[in-house]
Amino acid sequence: MDKAQGKTVRDGTRDGARKGALRLLGAVDEGATLDEAAALTERLSPPDRARARRLALEVLRRADRADLLLAPLLARRPRPEIMRILRLATVEMLALGEAPHGAVNAAVALARASGPKGQAAAGMVNAVLRKIAGAAEAWARLSPQKMPPWLRAPIVAAWGEDIARAIEAAHEAGAALDLTPRDADCPGEALPTGSHRLPAAAQISALPGYAEGNWWVQDAAAALAVRVLDPQPGEAIADLCAAPGGKTLQLAAAGAEVTALDISEPRLARVAENLARCRLSARLVAADALDWHPDQPLDAVLLDAPCSATGTIRRHPELPRIRDGAGLAELTGLQARLIDHALTLLKPGGRLVYATCSLLPAEGEDQLAAALARHPGLAIEPPRATGIEPGWITPGGGLRLRPDLWPERGGMDGFFIARLRKSAERT
């Protein structure tokens, strides 16, 4: 009896991780990102806080699949807080291998703890989830949840239905933990492009070499932007829109004289912390990149421009649920202005790498073509770096990275990267 009671308590009303996950999912329903909602779990122990986020991530990656199984079992759609409990238990049982009795008991306890209306719904929660527990075969037949139409349509138009489905499968699979080594002493599997990869659940600060600053966290696709730029020792290089700072660290580690700009002082503080941990240096400037000018023309500029961030859905599955593509025209306009301004910062013959963590051609291939049309003296240069595969290079000369690439290794973020050379003639 004591053991049974202990199980109920652990999986039920005192289950901080599940409660934290539900709070995070509720914040996403209100339009927040998981990072913005992180304070809702700050009172949990570190292990429970980490588990709450993992559970929320897994539910967000599969919420539509869960709804498809739940809908026929519901006489009417329950209140949002009850629907979140049903989704969480469904994903725990059918995707994460949680024992049905534990997941069902926990869900019933969470419903009862949510107030009088939750207490009234507890019987329904129990009955529905007991049926869901036997739906493993039906779950396995469901496809990964689709991207919203505003995102899916341009992807299908660019690469076809099969690629869109492969990207959706990569979104559901999530993302591993990638590290960029400062030297050879870096944990994880070495990838062809120079990054190292570990399972997503790795505790970052406990990994060997963290305190010594031997590496930093950075997706393998993001790290390619600096490798395509190919910084040289002593070059004057600006990293525009620099936070959180992975690319600044790469530039500094290569021996460049780096100026890292960001409009956000708090985000620049994170860059400073990472530089200090890795024993690297850069000049940090809090400014709007469109208003900033260096004392002398630069050898190179890295522009990782503000964008829709649709290439990071593997890591941020809430993005399709809280965005509708409405601000895309404003973003692409800003990207164009940043490209034009960045070119004015370069010395004749200087180079610019334009990058976005986007899957949308409007923020990549189309933006490159428009920039070349606006600037007749501007030249596109082939992206060269270790590990780049020929099929990643677009007909226009850019580098198109997608989540479905490297499926055998766990994919990568979606990115577009282009290396541009300013005319050597003074204008």
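Of the 15 residues of helix H4, 13 are buried, so H4 is largely enclosed by the rest of the structure; buried here means under 20% relative accessible area, exposed over 50% and partly exposed in between, with a 1.4 Å probe and protein chains only. H4 covers residues 80-94 and reaches 21 Å from its first C-alpha to its last, close to the 21 Å expected at 1.5 Å a residue, where the expected span is 1.5 Å times one less than the number of residues.

This is a predicted model, in which local features need pLDDT of at least 70 and side-chain atom pairs count only at pLDDT 80 or more, while totals for chains, interfaces and linings use all residues. Residues are numbered from 1 along each chain as its sequence is written, and side-chain values use heavy atoms, with hydrogens and water left out.

Let me turn to the whole chain. The protein chain holds 15 helices and twelve strands, taken as DSSP runs (H or I, at least four residues, for helices; E, at least two, for strands) and numbered from the N terminus. Buried residues account for 51% of its 427 residues.

Asp 230 sits in the loop between helix H10 (220-229) and E5; its phi is near 60°, a positive value in a residue other than glycine. At 41% relative accessibility, Asp 230 counts as partly exposed. Cys 241, in the loop between E5 and H11, has a positive phi near 55°. Pro 244 lies in the loop between E5 (236-240) and H11 (246-253), and a cis peptide bond with omega of about 10° joins Ala 243 to Pro 244. Most residues other than glycine have a negative phi, and most peptide bonds are trans.
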